[in-house]
Amino acid sequence: MAVEILKVIVLLILLFVVIIVVGIINNSYDSRKFNEEEMRRVLEKYVPVGEKLIAGVHGYAAEVKIIFEILGNCSFDNEAYPAEHGMAISGSKAKYAGYDVYLGITEQYFIFSECVPGQSYYYQFAQVPASREATAEEFASSTCLEDVGKGLTFTADDIQSCVIKSAKRSMKMSCNITLKNGSYFIIEMPKDDKPAKYSPHYVEYRDAVLARLENLN
């Protein structure tokens with residue numbers, strides 16, 4: 001009898017722990033800071049002309065690497081990189097520690113964006129021959145490399161692969177998106193199907209984004 005009572009107590013403790021963990025996860029995604037109004041404000045800055053934001057979801061980027069090439073004058077960490085004819089700045093910015101991001105869709109595009117500005121990344125870049133002809137106007141422009149990749153717009157044709165994982169015992173799912181240029185994003189989202197307090201359309205938007213990704217395969 002004592003053994004049975006002990007088993008019940010252990011099960012109740014485990015259930016209590018699970019409830020707490022689920023609550024913590026939901027609260028982390030149910031933040032006033034990342035409500036739907038804020039999500040739209042951030043993502044709509046990167047919506048291409050003629051497109052309209054259909055859905056957007058807040059997630060947790062476990063790992064990100066963005067490959068870029070810039071034609072024109074650049075600066076990085078207060079150091080200027082003047083343009084040379086036929087040359088470009090090629091490089092990457094990566095973040096291997098998790099941080100908050102948004103992933104949205106329009107009719108034709110996907111949009112990836114960090115939620116909070118001022119994130120620290122690991123940079124690598126070099127001056128290389130430009131991969132296409134550059135005009136004088138492009139070389140006359142000025143770009144801050146720290147700003148590259150804060151918001152990234154791409155199409156289904158730009159995606160090399162997309163793997164969506166959803167383990168049965170896990171309370172979150174992950175999307176591993178790799179672009180043809182080598183950029184990739186590993187984004188985690190909660191599996192809970194209950195509407196978030198400050199994002200009442202979260203489940204609807206999440207499923208719309210996931211459906212678009214699943215249709216790539």
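Hi everyone, and thanks for coming. Before anything else, please keep in mind that what you see above is a predicted model.

Let's start with the whole chain. How many helices and strands does the chain have? There are four helices and twelve strands. The chain has 217 residues, and 36% of them count as buried. Its accessible surface comes to about 12600 Å², and carbon and sulfur atoms hold 56% of that. Now take the contacts between residues at least 6 apart in sequence: 71% of these join residues at least 24 apart.

Next, the inside. The largest nonpolar core has 46 residues, and the ones touching the most other members are L103, F112 and F185. Which strand gives the most to this core? That is strand β1, residues 55–70, with seven residues.

Now to the rings. A pair of aromatic rings is described by two things, the distance of the centres and the angle of the planes. In this model we count eight aromatic pairs. Let me walk you through one of them, Y81 with F125. Why do we call this pair edge-to-face? The ring centres are 5.3 Å apart and the planes meet at 80°, which is over the cut-off of 60 degrees, so the pair is edge-to-face.

This pair also links distant parts of the chain. Y81 is in strand β3 (residues 79–81) and F125 is in strand β7 (residues 122–129), 44 residues apart. Are these two residues buried, partly exposed or exposed? Y81 has a relative accessible area of 22%, so it is partly exposed. F125 comes out at 24%, and it is partly exposed too.

Let's stay with F125 for a moment. Leaving aside neighbours within four places in sequence, F125 is in contact with F76, Y81, I89, S90, G91 and L145. Take I89 from that list: I89 and F125 are 36 residues apart along the chain, and their C-alpha atoms are separated by 6.7 Å.

If we step back, ring pairs link F76, Y81, Y99, Y121, Y123 and F125 into a cluster. Which charged residue sits over the ring of Y99? It is K95, whose charged end lies 5.3 Å from the centre of that ring. The charged end of K95 also sits over the ring of Y121, 5.8 Å from its centre.

Q119 is partly exposed, at 26% relative accessibility. Apart from neighbours within four places in sequence, Q119 is in contact with K95, Y99 and E114. Along the chain, Q119 and K95 are 24 residues apart, and 8.8 Å separates their C-alpha atoms.

I'll finish with two residues from other places. S174 is in strand β11, residues 172–179. Is S174 buried or exposed? Its relative accessible area is 17%, which is under the 20% cut-off, so S174 is buried. Setting aside neighbours within four places in sequence, S174 is in contact with V163, I164, K165, I187 and E188.

The other residue is N215, in the segment after α4. At 63% relative accessibility, N215 is over the 50% cut-off and therefore counts as exposed. How far is N215 from C162 in space? The C-alpha atoms are 9.9 Å apart, while in sequence the two residues are 53 residues apart.

Conventions. Residues are numbered from 1 along each chain as its sequence is written. This is a predicted model: local features need pLDDT of at least 70, side-chain atom pairs count only at pLDDT 80 or more; totals for chains, interfaces and linings use all residues. Side-chain values use heavy atoms; hydrogens and water are left out. Rings of Phe, Tyr and Trp (its six-membered ring) pair if their centres lie within 6.5 Å; planes under 30 degrees apart count as stacked, over 60 as edge-to-face and the rest as tilted. Helices (H or I, at least four residues) and strands (E, at least two) are DSSP runs, numbered from the N terminus. Buried means under 20% relative accessible area, exposed over 50%, partly exposed in between (1.4 Å probe, protein chains only). A charge sits over a ring if NZ of Lys or CZ of Arg is within 6 Å of the ring centre and within 35 degrees of the ring normal. Contact means heavy atoms within 4.5 Å. Accessible areas come from the Shrake-Rupley method with a 1.4 Å probe; for residues, only the protein chains shown count as cover. A nonpolar core is a set of buried Ala, Val, Leu, Ile, Met, Phe, Trp, Tyr and Cys residues joined through side-chain atoms within 4.5 Å.
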